[in-house]
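Hello,

Here is the structure you asked for. My notes follow below it.

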Amino acid sequence: MPSERRVVITGMGVVSPNGVGREPFWRATRAGISGVKRISLFDTSGMQVQIAGEVVGLPHNGYVSEKDRQHVARTVPLSIAASEEALEDAGLKPAQMDLEARRGVGVVLGSGGGSHEFTEEQYRLYYTGQLKRVSVYTIPSSTWGALASELSIKFGFRGFSHLISTGCTSSTDALGYAFQNIRSGVIDTVLAGGADAPLAPLILRAFALMRVMTTSWNHAPARASRPFSLDRDGFVIAEGSWMFVLEKLEHARARGAKIYAEIQGYGSTCDAYHRVRLDESGEEPARAMHLALRQAGKKPDQVDYVNLHGTSTVLNDRIETRALKLCFGSRAYQIPMSALKSLIGHPQGACGAAGVAATLLAMRDGVLPPTINLDQPDPECDLDYVPEIGRKRNIQTALCNCIGFGSKNSALVIEKYPAGNGT
């Protein structure tokens with residue numbers, strides 16, 4: 001890979017159910033502390049599902065004015081908060097950048113549900129006769145691409161401003177697209193990541209109709225998300241935002257930026273099988289991982305850690321395990337892997353970015369995040385999922401895997417920076 005096209009991550013911001021801010025999120029994650037709790041945003045009485053990975057402690061008015069809050073989706077303050085932290089972490093100060101510098105920064109946001117929650121609220125107001133309360137910005141704020149524009153407007157970035165919506169793989173794909181654009185020389189810097197806020201009554205009822213969420217743990221929320229455990233029976237819905245600054249390596253070096261890691265490979269495939277089900281073979285998720293490794297120039301035996309999709313559904317965890325064995329062969333049994341969703345629930349299209357954040361911090365500190373609630377081993381899920389307790393381990397190369405509705409599969413390969421050879 002030509003040195004002028006290497007892509008590095010220089011900033012990270014987090015708004016998570018188990019911690020608002022990068023370090024609070026990481027302290028909770030490495031300690032195995034769950035952010036799943038009873039939903040407080042609306043009345044769940046009579047609903048089958050009453051728990052979620054809900055973000056608490058974020059002062060929304062600090063990111064969106066009181067006047068504007070009623071006119072934008074909840075994803076807007078979540079993503080602005082994470083982006084501000086990422087930019088500050090990267091040492092970028094948009095207010096001090098001149099026009100040409102701001103023209104050199106693009107935005108790619110991944111979101112599976114976009115502004116569903118906002119749109120649902122507008123319909124509720126309309127059908128309950130509260131016409132004067134319906135937002136004058138119902139159309140633009142219900143247009144998912146406008147979410148990326150909200151970030152561009154907030155920070156004055158004049159580069160491309162795109163939203164990627166590919167279901168649960170949305171933010172993995174957003175980071176992949178940002179990587180590709182920098183790598184190919186289109187742009188030098190991109191603010192990229194994911195945000196989703198699917199906590200609303202109709203959205204919960206719709207997921208419940210598909211029978212993909214657990215209904216067994218309303219009394220014990222922190223135990224509800226149980227990836228790879230034999231007694232798992234569905235995912236826990238969640239919200240949050242995880243944002244990053246991606247840069248061309250020389251650009252980051254020239255300004256003396258701290259560098260977390262280098263993105264070296266991205267792969268994406270589709271089973272072309274079903275709206276929500278995965279093909280039993282696991283071949284296409286395995287091929288997405290293969291493609292990412294091939295672009296990175298890595299062999300399976302060079303991977304030190306895998307951050308899993310691990311939703312806690314019977315189907316996903318079984319087939320993801322099968323795909324890992326197809327990709328890594330016997331080596332799959334030797335690679336430690338963990339499922340962040342056991343700690344935060346499933347933040348839909350933002351989940352890939354969440355996994356990248358946990359992986360970067362695991363690389364930084366040499367500590368693997370655990371998979372909690374793995375109480376009963378499943379014979380069909382027999383890999384090393386780092387159960388219950390985090391583990392000290394130096395990570396040089398990691399693979400972040402993601403699987404989504406519509407049979408989509410995406411993976412990223414990330415290398416700790418500087419690499420072992422000092423380059």
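The model is predicted, so local features need pLDDT of at least 70 and side-chain atom pairs count only at pLDDT 80 or more, while totals for chains, interfaces and linings use all residues. Residues are numbered from 1 along each chain as its sequence is written, and side-chain values use heavy atoms, with hydrogens and water left out.

**Overall build**

The protein chain has 14 helices and 15 strands. These are DSSP runs numbered from the N terminus: helices are H or I with at least four residues, strands are E with at least two. The C-alpha atoms fill a box of roughly 65 × 55 × 40 Å along the principal axes.

Of the 423 residues, 61% are buried. Buried means under 20% relative accessible area, exposed over 50%, and partly exposed in between (1.4 Å probe, protein chains only). Take the contacts between residues at least 6 apart in sequence: 79% of them join residues at least 24 apart. Contact means heavy atoms within 4.5 Å.

On charge, there are 45 positive and 42 negative side chains. The centres of the two sets lie 2 Å apart. Lys and Arg count as positive, Asp and Glu as negative; His and the chain ends are not counted. Each charge is placed at NZ of Lys, CZ of Arg, CG of Asp or CD of Glu.

**Cysteines**

The whole structure has 0 disulfides. Cys 270 is in none, and the nearest cysteine sulfur, that of Cys 168, is 13 Å away. The cut-off for a disulfide is a pair of cysteine sulfur atoms within 2.5 Å. Cys 270 is partly exposed, at 39% relative accessibility. Cys 381 is buried, at 6%. Its closest cysteine sulfur, in Cys 327, is 17 Å off, too far for a bond.

**Helix H8**

Leu 175 sits in helix H8 (residues 170–183). Leu 175 is buried, with a relative accessible area of 0%. Leaving aside neighbours within four places in sequence, its contacts include Ala 192, Phe 244 and Leu 412. Gly 176 is also in helix H8. Gly 176 is buried too, at 0%. Beyond neighbours within four places in sequence, Gly 176 touches Tyr 266 and Leu 412.

**Backbone points to check**

- Tyr 417 and Pro 418 are joined by a cis peptide bond, with omega about 0°. Pro 418 lies in the segment after strand E15 (408–416).
- Phe 228 is not a glycine, yet has a positive phi of about 70°. Phe 228 is in the loop between helix H9 (201–209) and strand E8 (240–248), and is buried at 0%.
- Asn 373, not a glycine either, has a positive phi of about 65°. Asn 373 is in the loop between strand E12 (367–368) and strand E13 (391–392), and is buried at 8%.

Best wishes
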